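Subject: Model handover

Hello,

Here is the structure we spoke about. Please open it alongside this note; the findings follow below.

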Amino acid sequence: MQWTAAIQWPIEMRGKKILFGVCGSIAAFKAAGWVHTLTKEGAQVQVLMTSAAARFVTPLTFTALSGSPAQSEMFAGDMAHIALSAATDIILIAPATAQTIARLAQGLADDLLAAAVLSSPAPVVICPAMNSRMLDHPATQRNLRILREFGYTVVEPECGRLACGEEGAGRLAEWDTVREVLLSLLTTQDLAKQQVLITAGPTREPLDPARFLSNRSSGKMGYALARTAKRRGATVTLISGPVALEPPPGVQVVRVETGLEMAEAVSQYAPTASIVVKAAAVADFRPAAFSVEKIKKTTTEPLLELTPNPDILAELGRTRRASQVLIGFAAESSKHEAEGKRKLLAKNADMIVVNDILGQDTGFDVDTNQVTLITQDSIEQLDLLSKEETADRIWNKALSLLDSKRRQYGIEQI
Ligand code: PMT
């Protein structure tokens, strides 16, 4: 049995110290789930509850989920608010009620949570949750504006069915959105100002109304590239074939089906991108003819005539501006390095990411990958990593390629 490396991920939260403020809202039960998730990801979570919060979820619940005693008393220990806030990487307040938002906007320190926020230099993330009319009230909107002026990040509530039975804005934001906000605040924004274009997933080449040619790409590699680029501050456009993945928060997703549609979308978005990464598994061929009727079984085997799809990467290599970083992938089952080098030259790419599609934990439809990064003057074999860690390593390399182009073309800001 082949043992895969014990992959511990996501690594981004491991060891991070999070002060988690919980206020008196029915959404406090969701906060319990978030505390559990953060703790599982290796973060050190200290929960501070308002007195009203304890009416919804007991401190014991948060203590059990976080592994440290949930606190609320102002005078729980000598200068507790100072000690707590000093060693914090980030403060998350979820759910944040209108009452606590107002207290923070006024700079009050009338409980442990407010005092800790006032005494901490750490970034503050506010997740409001309340009835729509309370949220829309000018006082609440003014207080949220004040908190934004303090530099706090307010994660907009979702619209939908509220605990009071009404429909409207005021539902606590989704965890995936909040998690990405936390990770962005904990991650160096080295891709800020970069417009990146990523392709992901398979294409589907229709044969008749019921059938199509496709491949095993799940989109995980491309979506990990989009998620990590956004986390590092990039403006991200993701051109995606048909996949079963949720789009990463804050990313523009352009959905396509066929290779021709992907080629069209790439030609539209590539010119403004400073970095293009082509992780999609684009079909090289499509059926020469589409049958408007479902092809029926007959006594003779049907012949399938194919015609080539445009080679999008090669076309980009021909038409792109020299200052743009162009990164292609290579899905290989043998001669990995040779094929990677060949494609680097043939497509005029700046880097080819070679992955073995026969590996048990690499390539199609798995959460890990083991790739080789090939550029004109380097070959780097990465370890077996999560696709998010692989993506981060690809972005690191892309930034150094961008830097060399800046120096080569004397361009200050690409
Ligand atoms: O999506 P996952 O399940 O996570 O799987 C990830 C992946 C295996 C799909 C990904 O890591 C990968 O290898 N993507 C490239 C797959 C592919 O089409 O490889 P290729 O060697 O056939 O193509 C080489 C390059 O040309 C790729 O950048 C591809 O996007 C591009 N291409 C290919 C054909 C075509 N007609 N136009 C293209 O632009």
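A word on terms: the domain bounds used here come from an automatic or database domain assignment. On that basis, the protein chain splits into domain 1 (2-185) and domain 2 (195-284 + 306-409). Their C-alpha centres are 36 Å apart. Keep in mind that this is a predicted model.

Five strands form an open sheet in the order 2-1-3-4-5, and the pairing is parallel. Which strands sit at the edges? Strand 2 (44-49) and strand 5 (153-154), each of which pairs on one side only. Strand 5 runs parallel to strand 4 (residues 124-128), and two bridges join them. Val125 has Thr153 of strand 5 as its bridge partner.

Helix 1 (residues 28-40) packs on this sheet. It touches strand 1 (17-22), strand 2, strand 3 (90-96) and strand 4. The direction of helix 1 makes about 170° with that of strand 1. Helix 8 lies across strand 3, strand 4 and strand 5. Relative to strand 3, helix 8 runs at about 160°.

Ala94 to Pro95 is cis, with omega near -10°. Pro95 is in strand 3.

The contact of helix 8 with helix 9

Helix 8 (residues 175-186) also meets helix 9 (residues 220-231). Their axes come within 8 Å and cross at roughly 55°. The two helices are therefore oblique to each other. Helix 8 contributes Asp176, Arg179, Glu180, Leu183 and Ser184 to the contact. From helix 9 come Arg227, Lys230 and Arg231. What is the make-up of this contact? Six of its residues are charged, one is polar and one is nonpolar.

Positive phi values

Two residues to check on the backbone. Lys335 has phi near 45°, a positive value in a residue other than glycine. Lys335 lies in the loop between strand 16 (325-332) and helix 12 (336-346). Is Lys335 buried or exposed? It counts as exposed, because its relative accessibility is 63% and the cut-off is over 50%.

Asn348 is not a glycine either, yet its phi is positive at about 55°. Asn348 is found in the loop between helix 12 and strand 17 (351-356). With 39% relative accessibility, Asn348 counts as partly exposed.

Best wishes

Technical notes:
Residues are numbered from 1 along each chain as its sequence is written. This is a predicted model: local features need pLDDT of at least 70, side-chain atom pairs count only at pLDDT 80 or more; totals for chains, interfaces and linings use all residues. Side-chain values use heavy atoms; hydrogens and water are left out. Axes are lines fitted to C-alpha atoms, for helices over the stretch in contact, and angles run from 0 to 180 degrees between N-to-C directions. Helices (H or I, at least four residues) and strands (E, at least two) are DSSP runs, numbered from the N terminus. Angles under 35 degrees count as roughly parallel, over 145 as roughly antiparallel, 65 to 115 as roughly perpendicular and the rest as oblique. Contact means heavy atoms within 4.5 Å. Ala, Val, Leu, Ile, Met, Phe, Trp, Tyr, Cys and Pro count as nonpolar, Asp, Glu, Lys and Arg as charged, and the others, Gly among them, as polar. Two strands pair if DSSP finds at least two bridges between them. Buried means under 20% relative accessible area, exposed over 50%, partly exposed in between (1.4 Å probe, protein chains only).
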